[in-house]
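Load the model in a viewer and keep the selection tool at hand. The stops below follow one another, each with something to select and something to check.

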Amino acid sequence: MMRSLPVVIAITGLCAFGAEAHAAKPGTSRAVAEGGQLPGSVTKGLSIAKKANDVRELQMTDAEEQELGRQVSAKIRTRYGVVQDAGAHKYVSLVGLAMAQSSTRPGLPWTFIVLDTDGVNAFAAPGGYIHVTKGLLALIKNEAELAGVLGHEIVHVTEKHTIRAIQKSQAVQMGAAETLSGNSALMQRAVTATYDNIVDRGFGRADENESDEKGVVLANKTGYAPSGLVAFLTTLKDRNKGSTEKRGLFASHPEMQERLDRITKQITAQKLNATATLQPRYAKNISFTPVDPTKIATVEAGAAGLTGGDAKPEEKKAEEPKKGRFGLSKMVPTGGGEKKQAQVTASGGARGVDPEKDSKGGPNPAPVVVKIAAADIAAFKKEGGLP
Ligand SMILES: [Zn+2]
């Protein structure tokens with residue numbers, strides 16, 4: 001599925017960040033030339049030398065990383081739909097871009113997408129594609145909490161956690177002479193592996209801790225109270241109080257209390273003392289309503305036809321709902337006889353179903369394009385009293 005999708009956020013005038021701002025555009029020769037220069041922390045632990053000469057770990061240039069992320073993002077948007085609300089997209093993008101400017105990879109074409117689902121979740125795809133659900137935004141109380149979540153996700157991208165996970169698992173390998181951009185079948189395998197890793201498997205504990213730690217520093221550096229992440233995770237902990245399973249966002253994360261303690265200690269030890277919370281501005285821009293996990297409509301895993309790679313929309317129609325996984329009493333009546341409805345159930349408590357991840361998505365995967373210039377980010381920071 002190589003259809004070309006417009007970039008959601010057209011970042012203009014980011015010259016202040018120097019040449020890197022331009023080098024990040026997919027397909028530019030500079031980005032290609034720079035690719036492959038992985039930081040020491042990335043190459044550490046790889047065992048290329050030990051492998052047979054003709055097979056190597058998944059390797060990619062910066063441009064290939066962005067193409068991979070673009071295709072993974074398209075898959076995530078197709079699965080969950082996109083909230084067709086320019087105001088919400090602009091606001092989340094302004095917070096995200098203000099933070100990304102201070103990250104270690106300010107030149108990526110950072111793109112922030114609001115997914116049309118009640119499940120509470122966030123997904124970071126390689127190359128700078130950050131997705132947050134409207135269910136997550138509904139639960140967040142102020143801009144500092146949003147900054148806490150976005151900071152965490154931004155670090156997953158800047159530290160290349162997903163790419164490293166795929167390299168480590170050897171889920172996708174390539175021949176010595178192969179490149180991602182030169183082999184569309186290989187690219188599709190990488191897209192599928194990356195999507196599964198982000199949506200289904202999640203990150204390891206070490207990566208989650210690193211994202212917490214560096215994300216909190218990033219939020220603080222941008223002027224936001226670093227306790228925003230702590231406050232949001234506490235809300236999440238309360239939300240899942242009744243559940244014995246770890247669900248949705250941060251399902252793979254360390255036990256919550258241990259995690260909260262670690263972040264709180266870090267804030268004190270490193271004297272992270274930025275103070276902006278900006279609750280009124282958040283409330284002015286975001287007005288989604290939270291849905292209790294037990295009331296979230298879910299879709300059977302795989303029913304959306306998206307786990308197997310490049311299913312086209314018309315192929316989905318042919319899929320029959322799988323029987324037996326849910327009790328019939330939990331099936332939504334199929335009044336209109338539409339197959340899609342039969343796949344939807346309001347069974348947040350059903351076995352093996354994670355309402356935050358398996359939540360039903362909206363119908364429209366189209367990106368919402370908002371143009372944000374460097375001057376807009378500067379004005380947004382000034383208005384919020386951010387340094
Ligand atoms: Zn994470």
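Against which helices do the buried residues of α12 pack? They pack against α7, α10 (205-221) and α11 (227-239), where contact means heavy atoms within 4.5 Å. Buried means under 20% relative accessible area, exposed over 50% and partly exposed in between, with a 1.4 Å probe and protein chains only. Helices (H or I, at least four residues) and strands (E, at least two) are DSSP runs, numbered from the N terminus.

This is a predicted model, in which local features need pLDDT of at least 70 and side-chain atom pairs count only at pLDDT 80 or more, while totals for chains, interfaces and linings use all residues. Residues are numbered from 1 along each chain as its sequence is written, and side-chain values use heavy atoms, with hydrogens and water left out.

**Whole chain**

Begin with everything shown as a cartoon. The chain has 16 helices and nine strands. Of its 387 residues, 55% are buried. Among contacts with a separation of 6 or more, 77% are between residues 24 or more positions apart.

**Helix α12**

Select 256-269, the residues of α12. The 14 residues of this helix should span 20 Å at 1.5 Å a residue, and the end C-alpha atoms are 20 Å apart, which agrees; the expected span is 1.5 Å times one less than the number of residues. Now colour M256, R259, L260, I263, Q266 and I267, the buried residues of α12. Viewed down the helix axis, these buried residues fall within an arc of 130°, so they line one face of α12. The arc is that of the directions from the helix axis to the C-beta atoms. Turn to the other side of α12 to find K265, T268 and A269, which are exposed. Just after the helix, K271 takes a positive phi of about 50°.

**Helix α11**

Next select α11, one of the helices that the buried residues of α12 pack against. Its 13 residues should span 18 Å at 1.5 Å a residue, in agreement with the 18 Å between the end C-alpha atoms. Buried here are G228, L229, V230, F232, L233, T235, L236 and R239. Show the surroundings of these residues: they pack against α6 (134-139), α7, α10 and α12.

Go on to A276, in the loop between α12 and α13 (279-285). A276 has a relative accessible area of 12% and is buried. Leaving aside neighbours within four places in sequence, A276 is in contact with A144, G223, Y224, A225 and L386. For a distance to check, pick the C-alpha atoms of A276 and G385: they are separated by 7.6 Å, although the two residues are 109 apart along the chain.

**The zinc ion**

Centre on the zinc ion, whose protein donors are H152 (NE2), H156 (NE2) and E208 (OE), at 2.1 to 2.2 Å. Donors are N, O and S atoms within 2.8 Å of the metal (3.2 Å for Na, K and Ca); water is not among the atoms, so sites may look incomplete. The donor residues are spaced H-x3-H-x51-E in sequence. Helix α7 (residues 143-158) holds both H152 and H156, four residues apart, about one turn of the helix. H152 is buried at 0% relative accessibility, and H156 is buried at 3%.

**A three-stranded sheet**

Finish with the open sheet ordered β3-β5-β4, whose pairing is mixed; two strands pair if DSSP finds at least two bridges between them. β3 (111-115) and β4 (122-125) stand at the edges with a single partner strand each, so one side of each has no neighbour in the sheet. From one strand to the next the twist averages 15°. Helix α4 (residues 62-80) packs on the sheet, touching β3, β4 and β5, and its direction makes about 15° with that of β5. Axes are lines fitted to C-alpha atoms, for helices over the stretch in contact, and angles run from 0 to 180 degrees between N-to-C directions.

Trace the pairing strand by strand. β3 and β5 run parallel and are joined by five bridges, with T111 opposite Y129. β4 and β5 (residues 129-133) run antiparallel, joined by four bridges. Bridge partners here include F123 with H131 and A125 with Y129. Three residues lie between the strands in this hairpin, where G127 takes a positive phi near 85°.

Last, show the side chains of β5: Y129, H131 and T133 point one way, I130 and V132 the other, and all are buried.
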